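User: I'm new to reading structures, and I'd like a close look at one part of this one. Could you walk me through it step by step?

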Amino acid sequence: MRVARSRGLHGWRGFAFVVPYLIVLVAFGILPVLYAVKLAFTTDGGGWAGFRNFTHSAGDYRFMSALGHVLVFTSVWLSLLIVFVVTLALLLHGRASRSSAAYRFLYYIPGALAGAASVLVWLFMLDPSVSPGSFFVHHVLGAHLFVESIAPGKLPLIFAMIAFWTGAGGWVVVMYGALNTIPQELEDAARIDGAGPLTLALRIKLPLIRKWIAYMVILSFATGTQLFVEPQLVNQASLGMVPDTWSSNQLAYQLAFRYADFNSAAAISVDLLAIGLLGAVVIISRTGLFKVES
Amino acid sequence: MKQRRLWPAVVVTALAFVSACGGSSGSGSAKDGITVWVDAARLPAAQAYAKAHPDKKVHVVTFDGDGNGATTLQTKIQLWNRSGKGWPDVIFSEQANDPVWMAKAPFDFAAPLEKLIPENVRSQWPQTSTAQCTVGGKQVCLQDNLAQVVLWVNKKQMEAFGYTVPTTWQDWAALGEKVAKEHPGYIVGNIGDSFSHWIYLWGNQCPLQQLEGDKVKIDPTDDHCTRAAALFDPLIKNGTLPPLSVFTPDFAKKYGGAQDKVLLMPGPSWYAQAVFDQALHVPAGEMTAANPLQWGSESPVTTGQVGGGPWIISKHSKNSAAAADFVTWVTTVFNPTGKDARPGYPAYAPLAEKWLQALASNPYFAADPTPALKTAADQVWAGWNLVTYPDQPVWSDKVVTKMVAGDSLSSLLPTLGSALGDAAKAAGYSVVGN
């Protein structure tokens with residue numbers, strides 16, 4: 001009886017801490033989603049539209065190319081993210097704690113810049129005439145002019161690079177935190193059994209942080225398919241050399257605000273939501289993310 | 001029971017949150033004054049109005065000007081329309097075609113000017129300018145400045161090389177070939193701006209946006225388009241007509257300042273200040289303007305146009321008389337001299353006269369540019385209409401990026417035509433001649 005009561009009290013205290021977040025989540029997350037779903041299935045006048053908004057937006061001449069761009073970008077970016085974040089976190093975890101803390105801080109710095117500001121930094125990085133990395137721009141991207149740096153074929157790679165630079169640091173820190181939850185005894189036991197740093201990383205640590213990796217992939221997959229800031233800013237900075245409907249989210253934005261077609265825009269948003277949810281379901285079922293081991 | 005205990009906390013937090021959000025109320029249209037939205041270049045005009053009228057309340061808001069195909073104003077107007085409040089009384093836009101959609105549903109923002117500004121004032125704008133501001137038979141804007149295209153000439157360099165200023169496109173192209181051989185690195189123009197087709201194709205009567213009722217004619221196979229492209233292609237290839245934008249650091253570094261490699265450049269009236277002086281830093285005493293280029297011996301001579309931003313008064317203004325007074329003042333009275341002079345050729349004819357007088361004696365120019373500017377003002381080709389969709393991003397994306405990669409303009413015309421057709425159809429036009 002006493003135990004039950006104290007557990008209930010704990011639960012309430014925990015809940016109270018979550019309340020401010022819940023309010024924001026409802027106001028800026030759940031309600032807009034419901035509103036978008038409503039818009040997507042209704043007409044401009046508020047009547048039932050069935051799937052008309054979906055077929056109309058999918059029939060737009062920019063829809064398939066935008067979707068194609070986003071899928072290429074997401075696959076490039078996710079591969080970069082998984083390989084480099086996990087490798088860096090494992091390397092950091094294997095190092096002495098002092099130097100590892102300094103590196104963790106270094107990786108995290110770009111992520112501390114607000115999203116749009118960090119993209120602006122890249123506008124300078126990609127312009128060979130002002131870039132501190134002009135050597136890299138010349139020899140890796142083969143560009144002597146800003147217009148060449150942002151040539152259509154290079155864009156998925158460019159955007160993936162920007163997104164990786166701005167977001168990966170935070171994930172390295174998260175993965176490092178995950179690695180710290182591995183009991184020291186386990187590592188010691190492995191060492192006694194003759195495991196070197198590589199075996200330790202691949203056979204012990206990697207399987208144990210699998211769920212964190214899955215978590216990163218789910219969130220990043222959704223973020224990737226909803227790409228907006230990078231192409232939008234590059235579009236404006238290049239005075240239109242990059243189309244303003246490069247990504248699906250940009251197309252939704254254009255439909256809503258240039259053509260005043262909020263319903264088709266909402267349909268694209270719901271498409272993206274569905275893609276994100278589908279991705280999450282697949283990853284969760286494959287990795288057993290929510291399975292509680294008894 | 002447990003759940004109920006939590007509710008007070010939730011409600012209190014929620015109330016605090018809601019009241020925090022409601023704390024800031026939008027200013028919008030003030031009852032006893034006006035709110036005007038201007039770009040950075042028009043800010044001095046708005047400030048000067050406020051200074052000259054201390055009895056009137058003017059709330060000035062600066063924004064990006066909606067240039068380069070931005071959707072700032074579309075976004076804002078729809079949000080104001082949805083919330084039913086917040087509209088400014090007056091907007092200046094850098095996008096010459098903004099009044100076209102502003103006067104139509106679902107935006108319905110622009111007020112007809114017939115009752116707000118007297119006919120004897122409005123009739124002082126050139127006919128082509130008024131036509132551009134007329135949507136569905138009603139005039140809904142006043143152009144701030146004209147942006148007629150002339151041929152800008154670096155008199156000092158041309159004389160140093162012993163070249164004569166061309167008067168036809170053919171002579172200009174022949175000079176381009178000559179420059180490529182005799183003085184490689186120098187240029188006779190540039191074709192990589194988002195608006196370069198307004199300079200090179202509009203002026204040459206290529207029908208890429210010609211309104212016929214609700215239909216738009218887009219015909220890149222027209223002889224006017226193909227022959228112009230064929231004339232430009234060798235120059236794009238030999239480097240005297242680079243597909244670069246004048247507003248990029250690359251361009252200034254290669255052709256501006258100490259390099260001083262711009263020999264000729266077809267461009268709008270505002271290039272003198274904004275491009276040659278401020279962006280490229282061409283020294284004083286070098287530049288002047290020549291008449292727009294003629295195609296062979298064909299007449300009349302026509303030219304293109306880039307810009308000519310409009311002033312628009314809101315339909316929702318509670319103080320439209322004050323708004324009209326503001327627009328009239330900034331377009332017909334505001335004319336500072338010297339360093340603060342208006343950057344563009346005033347659209348209001350009587351003011352243009354005064355502005356030209358001051359310009360004629362401006363020491364920046366190597367010779368008086370005003371005769372050419374005046375001639376060009378009446379030569380803007382009327383067969384290129386403003387439409388609700390942005391054509392400039394299409395040109396940048398489909399043509400400029402490909403020309404940078406080495407494709408010829410001639411080979412890109414069909415792509416441009418079909419992409420413009422798609423944009424027109426998406427905006428609700430029916431397309432002919434494509």
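User: How many residues of chain A are in contact with how many residues of chain B?

Analyst: One thing to keep in mind as we go: this is a predicted model. Now, to the place where the two chains meet: 28 residues of chain A are in contact with 33 residues of chain B.

Staying in chain A, let's look at how two of its helices pack. The axes of α3 (residues 63-94) and α13 (residues 248-257) of chain A come within 8 Å and cross at roughly 145°. From α3(A), the residues taking part are A:Phe63, A:Ala66, A:Leu67 and A:Val70, and they meet A:Ser248, A:Gln250 and A:Leu251 of α13(A). By class, that contact has 5 nonpolar and 2 polar residues, with no charged ones.

You'll spot B:Phe365 in the loop between α14 (349-360) and α15 (370-377) of chain B. This residue counts as buried because it has 20 C-beta neighbours inside 10 Å, and 20 or more is what the label asks for. Leaving out residues up to four places away in sequence, B:Phe365 touches B:Met287 and B:Thr288. There's also B:Ala289, which sits 76 residues from B:Phe365 along the chain, yet their C-alpha atoms are separated by 8.8 Å.

How values were computed:
Residues numbered from 1 in each chain as written. Chains lettered and ligands numbered in written order. Predicted model: local features only at pLDDT ≥ 70, side-chain atom pairs only at ≥ 80, totals over all residues. Helix = DSSP H or I, 4+ residues; strand = E, 2+ residues; numbered from the N terminus. Buried ≥ 20, exposed ≤ 12 C-beta atoms within 10 Å, placed from the backbone. Contact = placed C-beta atoms within 7 Å. Axes fitted to C-alpha atoms, helices over the stretch in contact; angles between N-to-C directions. Nonpolar A, V, L, I, M, F, W, Y, C, P; charged D, E, K, R; others polar.
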